[in-house]
Amino acid sequence: MTAYILRRLWQMLPTMLGVVVLVFLLFNWVGGDPAYILAGKMSNPEQIANIRKQLGIDESYWVQMWIFIKQIVTADFGASWSTGETISNVLTTRLGPSLTVLIPLTILETLLAIGLALGVAYVRGSLTDRMVMIACTVGMSISILVYIIVFQYWLAYKLGLFPVQGWGDSFAENLFHYALLPILIALAVGIAPSLRLFRTFFLDEINQDYVRTGRAKGLSEPRILWVHVLRNAAIPIVTHVMANLPSLLIGAFLIERFFSIPGIGREVILAVERSDFPVIKAITVYVAAATMLFNLLADLMYKAIDPRVQLK
Amino acid sequence: MNSPMETTSPGLWALAWRRLRTDRIAMVALAVVALFLLTLLLSATGIVARNWDAEIGVNYAPPTFMGAQSAEERGVQGMHAAEEAVPDNPRDPLADVIRKLRAERGAGAATDAAPVEYYGVVDPLAREIAEIRAELAKGSAATAVERRATLPLGADKWGHDIIQKTIKGSETSIVVGLTAALLATLLGTLFGALAGYYGKWVDDFFNWFYSVFTSVPYLLLILAVAAVLQQKGVLTIVLILGLTGWTGVFRLIRAEYIKHKGREYVMAADAIGASDLRKMFIHIFPNISHVPLVQMSILTVAFIKSEVILSFLGFGVPVGMASWGSMLNEAQNELILGKWWQLAAASAAMAVLVTAFSLFTDALRDALDPKLK
C-alpha cells in the first residue's frame, strides 16, 4: 500500500512539471511583458526596467523558470500585483468561504442524486423515468447564469427570503444565512447532470445476475437497491464525485461572484479582470496538484469499497 | 446512397440515417437545429437582422402584448424615476450605504446629469455619456425616425429590437460554438491518431500532454488563457475554447486507432506499400469518423455554454457585439428595473437550441453506435 502510494506520487512528478511549464509558458511567454501591465499607462523606461528587475524577468527564461519552481515549493509567490496582499494569505483566507459552500453542496447533491437516480433507474422505461430524463435535459440546457439571475432576483430580492448577497464573520451565520441560497441554486443546477450520470451507473448494475439472485432468495426490494446495487455502483460514483471536487472549487465561481462570497472562484475572476498574474498562477498550479491528489485518493477508495480491486 | 445493384449492403451512414429517421424526437430536434442554422445563415448574409443595432423603439419599449408605457413607467425619465423603480430591500446589505449616498447626493442636489445608478455607485463617465447621447440624439433627430412605443418582444436600454438582437446574438454564439468545436475536434483527432497509431514514445508524449491538460480544471484553464490573451474578439474566444477542449476527443480517437491499427485491412494497406499518413487518414479514419462527429456535436453544446459564461463575465465577445452572454449581462441589471424581456428572449433562444442539440446528439450517438445503447 505504502509502496503503491509512493509510486503514484512519483508518477505525478512529470505531469506536475508539465503543468508548471504550461503555466510558465502561458504567463511568462505568451502573456508578454508583465512590466507594462504593472506600470500601467503612464510609464517611463526606468520604471519598466525597475519593475522587470523586481520580478526577475530581466533574467533568462531558465532562471525565471527556476524562480517559479522555488515559489511553488515554498508557497511564497510574493504579493498580489493589484492589492499587495501576499498570495499565501489570499489562498488561505479564500479557501474557508469556498468550502463553507462546497462541502454541504457536495454532500447534499451526491445523496439527492443517488436517491433520485436509484428511484428512476428502478422504474426505468416508464413514463416517470422518461419525464424525469426530459426534465433533466431541459434543465441542463438553461444557462447557469439564468438560474442565478432569476433565483437571486425572485427569492432574495423580491420575496426577501434570503439575503441578496454578502458574507459575515461567524461560520454559523455564513452557513445558515448567507450560504443557503447559493447552495440551493448550485444544487438545482448540479443535480440534473449527476442524476443522469448516476442513472446510467445504476442501469448497468440493475440487470446483473446478482440482483435476480437477491430477488430469488427473497430479499426486499429496498435491500437489493440500497445495499447490493448501490455498493456495486459506488465505484463510478466515487470516481465522479472525487474527480469533480477540485473543479467544483473553481466551478462555483459564478455563484461566488453573484453572491459576493469571498472564495477562490471569485478571486480567480477578480484576478483575471485585474491581470493579477501571480494569483492566477498560484491557484492554477495548486488546484492542478489537488486534482492529482484527489485522483489518487479516489483510487485508494476503490480498494476500500471493492476488495476485488488490485492496486498495481 | 441508392445503389442500382440490389446486392450492395447499405453503408454505415445510410444505416445510421435509417435508424435516426425512425426516432421521432431526433427528427424534431434536427428540425429545430436546422431552423436555427437557417436563421444563422440569413443573419450572417445580412438578409435578416442586419440593422439590429438601429434604435427603432423607445428605450425599454415593452413587448406589444403589454401595451405602451409612459416614460415614467419605463423608468427612463432621468435618474429619479429609475431610482424609484429600485425599492429598498429590507435585507439588502448595501441598503444603508445606498441610503447614505442618496442623502448625501440630496444635500448636494447638483446632479442633473442623470447618471444611471445601481446600488448607489456613481458612474464616473455619466456626464460624458450624457453629452454623447445628446449629440447622438441630435443626429438621429435629423433623420427623423419615429420611435415605436412597443415592439413585438420589446426593446433594450437603447431601444434595439429584441428579436433582431436575439437573432444576431444567436449567430455569434452558435458560430463561436461550432468553430471552436471544429478546432478542438481537429486537434483531438490529430493528436489521438498520432498517439494511437505510432504508439511508443509518441504515445507517451501525447499521454503526458493529455494528463497535463486534464489536471487543470477546464474553467480555470479557460480563465487563465483569457487572462493572458488581452485582446477580446471572436477569434480569441474560439482559440481559447478550441485549444483547451481537445482532451476528450483525443482519448476516444487514440483508443480507436489502437484498436484499428492491428486490423487486417490496415495490414493489407501496409502490404501494398501505403504510407503511414495514408493508412492513418485514408484507411483508418473513415472507419472511425463517427466518433469525432458525435464528439463535435457534444463539444458544440459545451462551448456554446462556455461562450455565454465568458461573454457574460466580459472576457468574451467585444463590447458592441451581441451574443447570448452579453445579452444576459445587460439583462441582469434590467431585471432589477423589472425589464424581463431581454432575459427571457436570450434564455429561451439558448435553452431551445441547446435542448434540441443535446437530444439530437444523443440520438446521433445511438444511431451511429447501436452497441453503446
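Predicted model: local features only at pLDDT ≥ 70, side-chain atom pairs only at ≥ 80, totals over all residues.
How many helices and how many strands are there in chain B?

**Exercise 1: Get to know chain B**

Count the helices and strands of chain B, then find out what share of its residues is buried.

*Solution.* Step 1: chain B has 16 helices and 0 strands. Step 2: chain B holds 373 residues, and 46% of them are buried. Step 3: look at the contacts in chain B with a separation of 6 or more; 74% of these join residues 24 or more positions apart.

**Exercise 2: Zoom in on one serine**

Is B:S297 buried or exposed, and what does it touch?

*Solution.* Step 1: find B:S297 in helix α14 of chain B, which runs over residues 290–313. Step 2: buried means under 20% relative accessible area. B:S297 has 7% relative accessibility, so it counts as buried. Step 3: skip the residues up to four places away in sequence, and you'll see B:S297 touching B:F357 and B:T361.

**Exercise 3: Check a helix, then find its sides**

Work out whether the span of helix α4 of chain A agrees with its 14 residues, and sort out its buried and exposed residues.

*Solution.* Step 1: α4(A) covers residues 61–74, and at 1.5 Å a residue it should span 20 Å. Its end C-alpha atoms are 20 Å apart, so the two values agree. Step 2: pick out the buried residues of α4(A), which are A:Q64, A:M65, A:F68 and A:I72. These cover an arc of only 100° around the axis, so they sit on the same side of α4(A). Here's the handy rule: an α-helix has 3.6 residues a turn, so residues three or four places apart point the same way. Step 4: ask what covers the buried residues of α4(A); the cover includes α1 (2–30) and α14 (277–305) of chain A. Step 5: step past the end of α4(A) to A:A75, whose phi is positive, near 55°.

**Exercise 4: Two domains side by side**

*Solution.* Step 1: the domain assignment gives domain 1 as 2–74 and domain 2 as 89–305. Each of these two domains puts 15 residues into the contact. Step 2: the domain centres, taken over C-alpha atoms, are 33 Å apart. Step 4: count the salt bridges between the two domains of chain A, and you get 1. A:R8 forms a salt bridge with A:D299, with 2.4 Å between the closest N and O atoms.

Conventions: Residues numbered from 1 in each chain as written. Chains lettered and ligands numbered in written order. Heavy atoms only, no water. Helix = DSSP H or I, 4+ residues; strand = E, 2+ residues; numbered from the N terminus. Buried < 20%, exposed > 50% of the residue type's maximum accessible area, 1.4 Å probe, protein only. Contact = heavy atoms within 4.5 Å. Expected span 1.5 Å × (residues − 1). Arc of directions from axis to C-beta. Domains from an automatic or database assignment. Salt bridge = Lys/Arg side-chain N within 4 Å of Asp/Glu carboxyl O.
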